Amino acid sequence: KANGKGRIIHSDGSIYEGEWVDGIIDGQGRMEYIDGNKYEGQLFNGTKIGLGTMWFSSGDEYTGEWVQDMIVGNGEYKYTNGDRYVGEWECNWRQGSGKYIFSTGDTITGKWRENVPVGDVKIHYVSGNRYHGGLLEWEKHGKGKLTCISGDFAEYDGNWKRDIKSGHGKLLFRNGDQ
């Protein structure tokens, strides 16, 4: 049985190079899959577990925690479009607390469920504008406060429906009018 470091080319064409214990892939290693994905990190019995980095054939990259070949725990995912997410994961989903940084520089910080920001979030725009409040399917929804650094109004604190000011709220204009 193999012990130590070694290399194997599997029948499907994938390649493993790394540590073995009693003939089992166990420890630090590197996998190259036939679909073009590459993984480097901890493995046990051939599955990703612990800390590691996956380079996807799409150009995306994930560095963080793995459990039984799934993204679970904390990590950072970099998308080919320049966006990235840093935070908690569960079963390959953005799930829990995290921060999404758009390629534009805008950020959303808050809770995530099944890859979507939910509930009370904080959005910081590159323009300097800020939003703190409810979000539904990526849109301002429910109670929230938008603070603007330019334009006619300085602040709106009130209700939102699908990114539109809706219902009761307080609008503060730059000249002090409300």
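These legends go with a set of close-up views of one predicted model.

Some ground rules first: residues are counted from 1 along each chain as its sequence is written, and side-chain values rest on heavy atoms, with hydrogens and water left out. Since the model is predicted, local features need pLDDT of at least 70 and side-chain atom pairs count only at pLDDT 80 or more, while totals for chains, interfaces and linings use all residues.

**View 1**
The protein has 15 strands and 0 helices; both are DSSP runs numbered from the N terminus, helices being H or I with at least four residues and strands E with at least two. Its C-alpha trace spans about 80 × 25 × 20 Å along the principal axes. The radius of gyration is 23 Å, whereas a compact globule of 178 residues would come in near 16 Å (taken over C-alpha atoms; the globule rule is 2.2 Å times the number of residues to the power 0.38). Of the contacts with a separation of 6 or more, 4% are between residues 24 or more positions apart (contact means heavy atoms within 4.5 Å). Buried residues make up 32% of the 178 (buried is under 20% relative accessible area, exposed over 50%, partly exposed in between, with a 1.4 Å probe and protein chains only).

**View 1. Glu40 and its surroundings.**
Glu40 sits in strand S4, residues 38–44, and counts as partly exposed because its relative accessible area is 38%. Leaving aside residues up to four places away in sequence, Glu40 touches Gly29, Arg30, Gly52, Thr53 and Trp55. With Arg30 there is also a side-chain to side-chain polar contact at 2.9 Å (a pair of N or O atoms within 3.5 Å; within protein, one must be able to donate a hydrogen and the other to accept it, and residues adjacent in sequence count only if both atoms are side-chain atoms). The C-alpha atoms of Glu40 and Leu51 are 8.9 Å apart, with 11 residues' separation along the chain.

S4 pairs with S5 (residues 47–55) in the antiparallel sense over 6 bridges; strands pair if DSSP finds at least two bridges between them. Lys38 stands opposite Trp55 in S5. The S4–S5 hairpin has 2 residues between the strands, and Asn45 takes a positive phi near 55° there. S5 goes on to pair with S6 (residues 61–67), again antiparallel over 6 bridges, and Gly50 has Trp66 in S6 as its bridge partner. This S5–S6 hairpin has 5 residues between the strands, with Gly59 at a positive phi near 105°.

Tyr39 and Trp66 form an edge-to-face pair, 5.6 Å centre to centre with 85° between the planes. That pair links S4 to S6, 27 residues apart in the chain. Tyr39 is buried at 0% relative accessible area, as is Trp66 at 3%.

Tyr131 is in S12 (residues 130–136) and Trp160 in S14 (residues 153–161), so the pair ties together parts 29 residues apart in sequence. Tyr131 is buried at 1%, and Trp160 at 5%.

Notes
Phe/Tyr/Trp six-rings, centres within 6.5 Å; stacked < 30°, edge-to-face > 60°.
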